[in-house]
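Reader: I've got a structure open and I'd like to learn how to read it piece by piece. Could you walk me through it?

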Amino acid sequence: MRVLLVTGKGGVGKTTVSAATALRAADMGYRALVMSTDPAHSLADAFGRELGDRPTIITENLSAQQIDSQKRLEESWGEVRDHLTELFDWTGLKGVQAEELTVFPGMDELFALADVREHVRSEEFDVIVVDCAPTAETLRLLSLPEVLSWYMERIFPMGRRVAKVVRPVLNKVTSMPIADDGVFEAASNFYDRLDGIREILADEEVTTARLVLNPEKMVIAEARRTYTYLGLFGYAVDGVVVNRVLPDSVTDPYFKRWREIQQDHLAAIEDGFVDVDILKLRLFDHEMVGMEMLRLLADELYGDRDPVERMNGGRAFTITNDGDDVIVEMKMPFAEKGDVGVLRQDDELYITVGAYKRSLVLPDSLKRRVVKRAKLDAGVLRVTFVLEN
Ligand SMILES: Nc1ncnc2c1ncn2[C@@H]1O[C@H](COP(=O)(O)OP(=O)(O)OP(=O)(O)O)[C@@H](O)[C@H]1O
Ligand SMILES: [Mg+2]
């Protein structure tokens, strides 16, 4: 069983790569499903056909699902939302503003993850490709199961107890709407839907993320941050897809400068991801929609490779606490023994070991710390960060 999360900045080609990956997996005999929550229905556009809220068969071995997150929200969150609306209404916040507040950002995507869990449990598919929302949302989303379970375990049981005691009293002295058991029931059902998602996503034998990017400065910067935060939350990244690379056949002088810029960016990409397989995909001369185009794209992207198999990479680094210190451990399997150079510049960590060069964007939480020591041992670099005095 494999789950592939495809993410990247807006417009880089996530949907196209997701659809092509699933189609190629299906052609190779895997039972494949590709799913998304994009309300713009781009997955349907990529395949050039309508898709339903449940898996729709596209071709042999391949199904696609366009989750209707509004509908899911209604099913699972409806009652809680009604209560919250009532509560906001009571505080004087009315109308659409109040309604917007009853649904937190990324909530629709959360339902996609609940569906991933159901599909994993049903064992109906060998591979599930998830066409994720652009990175910022995806990151928030991937941290949500943990954050939510923290709240649910602590706040909700307590809230329920309090409500039982307080409701009769409060009802007498105030008109504030108090949640009834139905609301707690709905909240706990909602929580149950999320339970277990984190285990699936954090198991690197099952789930790996593939980052799609374009050889452009801002896009690379965002992808590198994503890479850091995925690592921080314990998710494995096993591939980077550099999409829209200008092919050699483009000799027009107008694009000469662009080719050079892309070459520089490609070098930066090689340095910026720690031993992750980097796949390149050229800019085609037309939009890549429909089965024929997707197959062509998948051929160029994967060559002889099996798109389902884990690529190189995985959890390349970990960030852990050791008392007040923070330790960043990074796999450097190909690094020779020798002098380790570590340079910290703003939120970047530059590492050189002999001819081997890598850089890592540091998470915001390390901004207040400085590097105390760095040591290479058995292919693992350990960098210790301490609080600045
Ligand atoms: N390598 C390529 N060559 C030519 N066209 C491409 C290539 N990759 C993607 N496209 C086209 O670019 C458009 C946008 O791609 P896609 O929808 O996959 O991006 P996305 O990252 O999913 O966007 P969004 O963030 O809006 O979901 C599509 O029309 C697609 O066919
Ligand atoms: Mg898309």
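**Reading the model**

Author: Helices (H or I, at least four residues) and strands (E, at least two) are DSSP runs, numbered from the N terminus. This is a predicted model, where local features need pLDDT of at least 70, side-chain atom pairs count only at pLDDT 80 or more, and totals for chains, interfaces and linings use all residues. Residues are numbered from 1 along each chain as its sequence is written, while chains are lettered from A and ligands numbered from 1 in the order in which they are written.

Reader: How many bridges join β14 to β15?

Author: Two strands pair if DSSP finds at least two bridges between them. Here strand β14 (residues 369-377) and strand β15 (residues 380-387) run antiparallel and are joined by 8 bridges. One example to click on: arginine 373 has threonine 384 of β15 as its bridge partner.

Reader: Where is confidence lowest in the chain, and where is it highest?

Author: Look at pLDDT, the predictor's confidence in each residue, from 0 to 100. The chain averages 83, and 83% of the residues score at least 70. Helix α6 (residues 135-173) has the lowest confidence, at a mean of 61, and α1 the highest, at 98. Where pLDDT is low, the predicted coordinates should not be read in detail.

Reader: On to the sheets. In what order do the 8 strands of the open sheet come?

Author: You get β3-β4-β2-β5-β1-β6-β7-β8, with mixed pairing. At the edges stand β3 (56-59) and β8 (278-282), each with a single partner strand, so one side of each lacks a neighbour in the sheet. From one strand to the next, the twist averages 25°; axes are lines fitted to C-alpha atoms, for helices over the stretch in contact, and angles run from 0 to 180 degrees between N-to-C directions. β7 and β8 run parallel and are joined by 4 bridges, and valine 241 has leucine 279 of β8 as its bridge partner.

Reader: And which strands form the antiparallel open sheet?

Author: That one has 3 strands, in the order β11-β12-β13. Its edge strands, β11 (340-345) and β13 (356-361), each pair on one side only. The twist there averages 15° from one strand to the next. Strand β12 (residues 348-353) pairs with β13 over 6 bridges, one of them linking valine 353 to tyrosine 356.

Reader: Next, helix packing. At what angle do α1 and α11 pack?

Author: Compare the two axis directions: angles under 35 degrees count as roughly parallel, over 145 as roughly antiparallel, 65 to 115 as roughly perpendicular and the rest as oblique. α1 and helix α11 (residues 291-302) pack at about 85°, with axes 8 Å apart, which makes α1 roughly perpendicular to α11.

Reader: How do α9 and α10 cross?

Author: The axes of α9 and helix α10 (residues 253-272) come within 11 Å and cross at roughly 5°; the two helices are therefore roughly parallel to each other. Ile220 of α9 and Ala268 of α10 are among the contact residues.

Reader: Last one: which residues are closest to ligand 1?

Author: To find a shell, ask which residues are near the molecule, meaning that the C-beta atom, placed from the backbone, lies within 6 Å of it. Ligand 1 is surrounded by 18 residues, and the closest are Gly13, Lys14, Thr15, Thr16 and Phe284. Two or more residues of the shell come from each of α1 (14-27) and β7 (237-245), with α1 giving the largest share, 3 residues. By type, the shell divides into 7 nonpolar, 7 polar and 4 charged; Ala, Val, Leu, Ile, Met, Phe, Trp, Tyr, Cys and Pro count as nonpolar, Asp, Glu, Lys and Arg as charged, and the others, Gly among them, as polar.

Terms used: Two residues are in contact if their C-beta atoms, placed from the backbone, lie within 7 Å.
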